[in-house]
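Please consult the sequence and the model shown here while reading.

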Amino acid sequence: MIDIKHHGATTGVTGSCHELDVGDAGVLIDCGLFQGEDKGPGSDAENLAIDFPIDHLRALIVTHVHIDHVGRIPYLLAAGFEGPIICSEPSAIMLPEILEDALKIGFTRDRKLIERVLGLIRSRIVAVPYAQWHSVFDEDDSALSVRLQRAGHILGSAYVECDARDGDEARRVVFSGDLGAPDAPLLPEPASPERADTLVIESTYGDKDHEDRKTRRYRLKAILEHALTDGGTVLIPAFSIGRTQELLYEIESLIAEFGDTPVVAAVSDYAPQGGANPTYEKNSAPVGRIRQSRNPTNHDENSEPAGRIRQNRNPTNQPSLTWNNLEIVVDSPLAAEFTRIYDRLKPFWDDEAQTVVSQGRHPLSFEQLTVINDHKDHLEAVEYLAKTNRPCVVLAGSGMCAGGRVVNYLKAMLGDECNDVLFVGYQAAGTPGRDILRYGPKGGWVELDGDRYEIRAQIHQVGGYSAHAGQSDLIRFVEGVAQAPSEIRIVHGDMGAKRALKERFHALGLTGIMIPH
């Protein structure tokens with residue numbers, strides 16, 4: 001018998017974990033953490049035990065390395081899972097990095113224990129090239145082979161084609177993982193599978209479509225220009241993997257296109273509190289900006305350490321702030337590390353990004369970009385930007401504001417109407433990000449670490465930068481299958497999104513559609 005069980009992503013968008021059984025053996029597709037309102041008995045931060053049988057599982061197949069798809073892997077190993085961890089080549093590089101961060105935050109601070117767990121994970125990883133069949137098992141009357149195809153969600157993401165055989169029964173089962181939107185920066189869009197008897201498909205945006213690439217790019221430009229007119233910080237909560245790199249790519253393209261065009265009228269219009277204005281030196285970083293040392297291992301006693309704030313020393317009225325001297329800050333060690341990994345994995349970029357690189361541009365490591373790694377530097381940056389109204393764009397995790405350095409920025413800046421928060425991705429129910437989006441425009445409040453913070457900052461959203469496919473993209477993915485699937489299981493979405501997608505499938509004449517519980 002060939003059967004599918006679902007251990008997560010059935011009541012919301014997190015905790016992805018699906019089981020494909022073929023005869024007496026089986027595999028898992030992802031093993032992710034639950035977040036927000038998706039948390040429940042047996043799946044919250046205090047109790048992450050694997051609550052289903054695993055002795056028969058021969059492998060774990062990872063679609064991509066977002067924490068809601070891989071975060072429970074350490075607990076799966078602790079429960080006794082001994083099989084390989086199959087993933088794409090880029091994911092094989094990134095998986096230990098994301099799990100190291102997860103272990104530090106939610107498991108232990110014991111460095112030796114973390115290294116032992118990571119060593120075990122590395123020893124289990126089997127990197128499989130895209131578009132190549134890989135045999136998982138072939139014994140007695142049952143067999144399973146898998147093939148990974150580009151999903152366009154984040155670097156290394158894949159949907160999984162499974163050729164399953166048990167006796168006389170044979171089926172092609174496809175797990176979509178998270179599918180990317182077309183025309184996303186850096187990554188090619190996914191192509192439909194050639195065949196799918198059963199399709200397990202995500203539905204994060206099963207009820208809506210995104211703006212097209214050109215529209216959302218200029219919307220991003222317009223929001224940044226509007227937000228920076230009254231000074232202050234534009235804070236963008238962004239996931240460390242995928243969203244941060246795509247935003248950097250888009251911002252670099254705006255800088256390349258608009259260069260010396262003013263972002264806002266004049267620096268004097270957004271002087272730091274107390275009347276001081278930052279000074280711009282020709283061919284140097286602006287005084288008063290957050291700087292990353294160009295040569296951090298060889299600086300004199302008057303220079304600034306990497307990522308530290310260089311304070312205003314010679315305030316005078318200065319010309320307008322242009323795109324060329326707009327400061328972009330990534331305040332996330334994990335995002336910085338994954339940005340470096342993305343940069344190393346250029347062969348997996350799409351044709352557009354390859355062309356940009358061939359022109360001598362550096363879309364993920366451009367001159368205006370500063371990275372803050374050290375925690376002390378992070379705290380100083382929060383304090384400085386909160387006090388000064390210094391125009392700056394800060395990308396910090398986590399993307400749903402449920403933890404990470406973005407929380408310190410929110411605590412310090414939500415109460416100032418000069419600041420802006422720009423959301424570019426999905427905010428799950430029960431997360432601070434969802435509450436800020438819902439109550440911020442009404443002048444409400446949000447709870448962060450047990451305390452209430454009033455929301456006076458301006459709140460914006462550009463939905464087109466989601467790394468997930470929109471409804472039309474999901475429909476196109478299914479319609480591209482030569483022979484329609486006989487069974488479609490809709491997962492990984494709020495109930496409204498799943499029902500809307502189901503209705504669209506029915507309208508197209510598709511049958512065998514179910515929403516697992």
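How many cavities of 30 Å³ or more does the count come to?

## Basis of the report

The model is predicted, so that local features need pLDDT of at least 70 and side-chain atom pairs count only at pLDDT 80 or more, while totals for chains, interfaces and linings use all residues. Residues are numbered from 1 along each chain as its sequence is written, and side-chain values use heavy atoms, with hydrogens and water left out.

## Cavities

The count comes to three cavities of 30 Å³ or more. A cavity is a set of points, on a 1 Å grid over the protein atoms alone, where a 1.4 Å probe fits but cannot get out; lining residues have an atom within 4 Å of a point. Grid points are joined across faces, edges and corners, and a volume is the space filled by probe spheres set on the points.

The largest cavity holds about 90 Å³ of space. It is lined by 14 residues, and Ser16, His18, Ser176, Gly177 and Val491 are the closest to its centre. Strand β11 (residues 198-202) supplies the largest share of this lining, three residues. Helices (H or I, at least four residues) and strands (E, at least two) are DSSP runs, numbered from the N terminus. By class, the lining of the largest cavity has five nonpolar, six polar and three charged residues. Here Ala, Val, Leu, Ile, Met, Phe, Trp, Tyr, Cys and Pro count as nonpolar, Asp, Glu, Lys and Arg as charged, and the others, Gly among them, as polar.

The volume of the second largest cavity is about 70 Å³. Its lining includes Arg150, Ala151, Gly152, His153, Ile154, Leu155, Gly156 and Ser157, together with Tyr130, Leu187, Pro188 and Phe348. Seven residues of this lining are nonpolar, four are polar and one is charged.

## The second largest pocket

A pocket is an open set of points with protein on both sides within 12 Å along at least five of seven lines. The second largest pocket has a volume of about 340 Å³. Of the 18 residues in its lining, Tyr205, Lys208, Tyr426, Gln427 and Gln461 lie nearest the centre. Two or more residues of the lining are given by each of α11 (432-439) and α13 (495-507). The lining of the second largest pocket divides into four nonpolar, eight polar and six charged residues.

## Helix α6 and its partners

Helix α5 (residues 213-228) packs against helix α6 (residues 243-258) at an angle of about 75 degrees, and their axes are 11 Å apart. Axes are lines fitted to C-alpha atoms, for helices over the stretch in contact, and angles run from 0 to 180 degrees between N-to-C directions. The helices α5 and α6 are therefore roughly perpendicular to each other; angles under 35 degrees count as roughly parallel, over 145 as roughly antiparallel, 65 to 115 as roughly perpendicular and the rest as oblique. In this contact (heavy atoms within 4.5 Å), Arg213, Arg217, Tyr218, Leu220 and Lys221 of α5 meet residues of α6 including Leu247, Glu250, Leu254 and Phe258. The contact of α5 with α6 has seven nonpolar, one polar and five charged residues.

The axes of α6 and helix α7 (residues 333-344) come within 9 Å and cross at roughly 65 degrees, and α6 and α7 are therefore roughly perpendicular as well. Their crossing is right-handed, a term used if the near helix is turned clockwise from the far one by less than a right angle. On α6 the contact is made by Thr244, Gln245 and Leu248, and on α7 by Ala335, Phe338, Thr339 and Tyr342. These residues divide into four nonpolar, three polar and no charged.

## Helices α9 and α10

Helix α9 (residues 375-388) and α10 cross at roughly 25 degrees, with axes that come within 10 Å. That makes α9 roughly parallel to α10, and the crossing is right-handed. In α9, His378, Leu379, Ala381, Val382, Leu385 and Ala386 meet Asn408, Tyr409, Ala412 and Met413 of α10. The contact of α9 with α10 has eight nonpolar, two polar and no charged residues.

## Backbone geometry in two loops

The peptide bond from Gly397 to Ser398 is cis, with omega near 10 degrees. Ser398 lies in the loop between β15 (392-396) and α10 (406-413).

Asp140, a residue other than glycine, has a positive phi near 50 degrees. Asp140 is located in the loop between β7 (133-139) and β8 (142-150).
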